[in-house]
Amino acid sequence: MVYGAINECGEEWYTKMGRVFTAIKGRQINYNWLITDMESVPVPPQMVRSCNGRNYCWLTGEELTRIVQEDDGQWVWAVLSEFEKEIPLSKVLKYPKPYADGYRGFWENPLSIQHPLASVEIVPWDAGLTLFFSREEAAVRDFMAFFPYSEDLSRHNAERIARSCDKFLFRIEQIYSIRSVGTAVVGIVEKGSIGIGDTVSYGQEPGETMFPCKVKAIHGKGSPEGGIGLVERATSDGVCRYGCALVLDEMDSGKFFAGEYLFLPYGGSEAE
């Protein structure tokens, strides 16, 4: 299981790594660190030398601590991934490098760490907040105790998910495959509305995205006695009050199940 926290209030600026290291009680010294997708103001000369022209840095905890002690400037973007000392760089580089700018997984539950071998992930996010992930709940508790305005990230995401689902939530009742077209899902619009061409997310529960798909056509039923006809938008009242069929661009109808949901995905990579 992965635990997480978000700190976006109470600091003079984000992210000051020295304060993060104090929050986690200096644990960074005991691990090796992969640093990727980094932008700081300014970039410490020691970091430039350590990266040696590569799109990542590999540092011992002692090296990283020394760099921050000597030049504790502002980290704008980065992902700092923590690894046990016995895990070699060759094994770490077999997996995709973590990134911060544009990564939407931060805002989805259940929480996760990008690199499967990493035990902690620290993310300075656009000079506006700091994210902290750990497989140890105690490490997240230490982070939150030091930063009193920080929040549990899972709870934070759940609240954002609820706001997102208020815009559109569709419960699937039946699924049909349409050859050379896609998949038609029949069900009820529980909240909000959606239009042709919009992208929706599919998930077992509202807000838990499994994959996205695009709406190609909408058929609605506005009265108990009326027939189903083409409409421009699927809504929770009016033309779709008594049922709705959404034609989606996903060709594999076997990926959908009755009782599960379509909803609006989060808006890009913003942290609202």
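Mentor: Helices (H or I, at least four residues) and strands (E, at least two) are DSSP runs, numbered from the N terminus. The model is predicted, so local features need pLDDT of at least 70 and side-chain atom pairs count only at pLDDT 80 or more, while totals for chains, interfaces and linings use all residues. Residues are numbered from 1 along each chain as its sequence is written, and side-chain values use heavy atoms, with hydrogens and water left out.

Trainee: Which strands stand at the edges of the sheet?

Mentor: Two strands count as paired if DSSP finds at least two bridges between them. The open sheet has 7 strands with antiparallel pairing, in the order β3-β2-β4-β5-β6-β1-β7. A strand with a single partner has one side left without a neighbour in the sheet, so the edges are β3 (56-60) and β7 (151-152).

Trainee: Which residue in β5 does Leu-80 stand opposite?

Mentor: β4 (residues 74-83) and β5 (residues 120-125) pair in the antiparallel sense over 3 bridges. In β5, the residue opposite Leu-80 is Ile-122.

Trainee: What angle does the direction of helix α5 make with that of β1?

Mentor: Axes are lines fitted to C-alpha atoms, for helices over the stretch in contact (heavy atoms within 4.5 Å). Angles run from 0 to 180 degrees between N-to-C directions. Helix α3 (residues 61-70) lies across β2 (32-41), β3 and β4, at about 105° to β3. Helix α5 (residues 137-146) touches β1 (3-7), β6 (129-134) and β7, and the angle between its direction and that of β1 is about 15°.

Trainee: Within what arc do the buried residues of α5 fall?

Mentor: Buried means under 20% relative accessible area, exposed over 50%, and partly exposed in between (1.4 Å probe, protein chains only). In α5, Ala-139, Val-140 and Phe-143 are buried. They line one face of the helix because, seen down its axis, they fall within a limited arc. Taken over the directions from the helix axis to the C-beta atoms, that arc is 100°.

Trainee: Is Phe-83 buried or exposed?

Mentor: Phe-83 lies in strand β4. Its contacts, not counting residues up to four places away in sequence, include Tyr-31, Trp-58, Val-92 and His-115. At 0% relative accessibility, Phe-83 counts as buried.

Trainee: How many disulfides are there?

Mentor: A disulfide is a pair of cysteine sulfur atoms within 2.5 Å. The sulfur of Cys-240 is 3.7 Å from the closest cysteine sulfur, in Cys-244, which is too far for a bond. Cys-51 and Cys-57 do form a disulfide, with their sulfur atoms 1.6 Å apart. The count is 1.

Trainee: What is the torsion about the S-S bond of Cys-51 and Cys-57?

Mentor: Cys-51 is buried at 14% relative accessible area, and Cys-57 is buried at 0%. Their disulfide is left-handed because the torsion is about -70°.

Trainee: How many residues apart in sequence are the parts that Arg-27 and Glu-136 tie together?

Mentor: A salt bridge puts a side-chain nitrogen of Lys or Arg within 4 Å of a carboxyl oxygen of Asp or Glu. Arg-27 forms one with Glu-136, the closest N and O atoms being 3.3 Å apart. Arg-27 lies in the loop between α1 and β2 and Glu-136 in the loop between β6 and α5, so the separation in sequence is 109 residues.

Trainee: Which residues do salt bridges that share partners join into one network?

Mentor: Glu-137 and Arg-141 form a salt bridge at 3.9 Å, N to O. These two are 4 residues apart in helix α5, which means about one helical turn. The network formed through shared partners consists of Arg-27, Glu-82 and Glu-136.
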